[in-house]
Number of protein chains: 2
Amino acid sequence: MEQVTLKQIANNLGISIATVSKALKDYPDVSERTKEIVKAEAARLQYQPNSFAVNLRTQESKTLGLIIPEVVHYFFSSIVQAIIAHATKKGYLVIILQSDDSPELEVKQIDLLIRKRVDGIMISLANDTVDINHLKRVMDLQIPLVMFDKISKLIPCSKVIIDDRKAAYEATKHLIDKGCTKIAHLRGPLLPQNSIDRFLGYKKALEDHGLVYDPKMVLVCNKITYEEGREHAQFILDNRLDVDGIFAITDMVAIGAISYFNERQVKIPEEIAIIGFSNWFISSAMTPTLSTVDQPGTKMGKKVIKQLFKEIKRKKEGKIVQPIIDVMPTNVIERASSGR
Amino acid sequence: MEQVTLKQIANNLGISIATVSKALKDYPDVSERTKEIVKAEAARLQYQPNSFAVNLRTQESKTLGLIIPEVVHYFFSSIVQAIIAHATKKGYLVIILQSDDSPELEVKQIDLLIRKRVDGIMISLANDTVDINHLKRVMDLQIPLVMFDKISKLIPCSKVIIDDRKAAYEATKHLIDKGCTKIAHLRGPLLPQNSIDRFLGYKKALEDHGLVYDPKMVLVCNKITYEEGREHAQFILDNRLDVDGIFAITDMVAIGAISYFNERQVKIPEEIAIIGFSNWFISSAMTPTLSTVDQPGTKMGKKVIKQLFKEIKRKKEGKIVQPIIDVMPTNVIERASSGR
DNA sequence: TTAATAACCGAAAACGTTTTCGTATTTTCG
DNA sequence: CGAAAATACGAAAACGTTTTCGGTTATTAA
């Protein structure tokens, strides 16, 4: 089972490699007759161009890199799916890497992608990435780069995000509209911007509606897990915190809290109303169903890959790319957990 | 920002390209002194070998292909995660493609991977893949191939699977042990082997324990969705099927059913006990928590990639690969939905 | 001292493609 | 009819690496 090359076709037909190559790519300086002959022979031998050689020659890999903190995650896997689908449609393949929210891994992975000479990189940063030299390097090397969801404002590349602050504001306001006056917030870690922004949105909403902001009502989830949701729910009950509403940084945390409240017979939403964030699929399948903020993963993925393609194209044409910042709309979805 | 090549280093130092290449790879016929000098210069210029050229020369891409039916799926994304993690540890990157359970897409994607000349392919087949010529082609081209979960018995490659029939048998038996005598089965589509096997396990368990198998108690889920779970639950209630236990093909379906039963105030597990399949994360976070069969995604992913590496290595050594079939153990996890 | 051996380095081919440029042939047109 | 233009093809360089094989020194043994 020998490799079929242009050379073989050329030899079989008694013509040159150059002509074969050009015939297959419909160059104008090849006669129709020879084109036909060459194509027939190529088909007969099931010729497939050697992508290694093509890559080397054209200096592009037709491959993109995608780095996300976690694969097993509804929001991220939705994005992954959308990106893969659109990339393959355009003849590009996608290499996926998972940073596990580790900045060190992230640096290594960027390095891997650069070495592989991918044609573009999409990334959602690890939670506590602060050093951004690896990203600067990507920019310096002129590799098209698009960030999404977890971004760094210090890198002047295109970004696809949501307005976490506004979304959190609206989620909190939703609870207020439902009559909650003592709203707790299960926030994320202290570092990443999303977590900070959601917290700020929560705080602002309280202040704008005449409610006092009490730091004791804000509990930190370092890992943003189901278990933390349960633990904080327990903390609230055991310490008799006076709470009638909860805004959780994520559906995962909200579900943990709900599960614990269910066990302790706390009525939701009557005694405590809850709203999550992300519109994870399962939030509509819970009992009670979970109110949440829709974070449109599929749409975001589509925007990300489209922007990347735009930048790859502009780079090829030698034009300068004007980075954009696309803020996707979010909206509160009311379900049973806040439906008073 | 010019590309740094071996040639540049060679010119800078006034030696040949060959020597530079060998020095960087610690060939024995290069003196320690020149090795040091070369390495220093390479470090100074931040030399990175051009992977296109390396690929072409060595005829390997250090890249693997992975095709799965769905990315947004707890079981599959767990596998993806494990595979990516192990692959990168060994210096390999992973290209992921999603077949959407479409045989046509699957064929195209296999073709893409072959063209990209990946060093190995891992695949879980689309639900209704029957024509397997694309897989035969992979075998013919001697590309290492490992199948998992949804496999084809007709292809003599390595496989990592579970014993669906046995697992389903045990799930059904679990319900019987709990005192159920009228057990329904929400089965999957008629075609794929997993679906058939789980059905057969269910049937066998009934027969082995003196219960009559009634085709009317088997309802088909063509898409294996949450909604189908709900619809079948409704069907059962509306048609007054005499049911005291349900074995669902998947947690997703089971959760749908539970959700509907909750709405209709059917007590679980008192009136109807339910067991799912896969041990999807959320099954332990439901109310009531869902009994299920553990399908160890992470472990399976690890086995898959390890076997693939083994075969890649053997191929390099020119040895023949002996395909293996690894049947991973599963076990019933009892939770509230069957805990009488 | 000479021959044999070891140590070190470089020339060059090869991987398979793309593309520029030149050349030979044919056609067009004044 | 002759010059210009159009048509069709091929030679060859280039992409950057790896590796074989010779060749040149320096070292050792006889």
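## Pairing of S6 and S7 in chain A

In this predicted model, strand S6 (residues 183-187) of chain A is joined to S7(A) by three bridges, and the two strands run parallel. One residue pair can be named within this arrangement: A:Arg187 has A:Val220 as its bridge partner in S7(A).

## The sheet and the helices on it

S6 and S7 of chain A belong to an open sheet of four strands, ordered S7-S6-S8-S9, in which the pairing is parallel. Strand S7 (218-220) and strand S9 (273-275) of chain A form the edges, each of them pairing on one side only, and from one strand to the next the twist averages 15°.

Two helices of chain A are placed against these strands. Helix H9 (residues 193-208) lies across S6, S7 and strand S8 (245-248) of chain A, and runs at about 175° to S6(A). Helix H10 (residues 226-238) of chain A also packs on the sheet, where it touches S6, S7 and S8 of chain A, with a direction that makes about 150° with that of S6(A).

## The surface near DNA strand C

Around DNA strand C there are 26 residues, of which A:Leu6, A:Ala18, B:Ser16, B:Ala18 and B:Thr19 come nearest. By class, this surface has twelve nonpolar, nine polar and five charged residues.

The largest share, five residues, comes from H4(A).

Definitions and conventions
Residues numbered from 1 in each chain as written. Chains lettered and ligands numbered in written order. Predicted model: local features only at pLDDT ≥ 70, side-chain atom pairs only at ≥ 80, totals over all residues. Near = placed C-beta within 6 Å. Nonpolar A, V, L, I, M, F, W, Y, C, P; charged D, E, K, R; others polar. Pairing = 2+ DSSP bridges. Axes fitted to C-alpha atoms, helices over the stretch in contact; angles between N-to-C directions. Contact = placed C-beta atoms within 7 Å.
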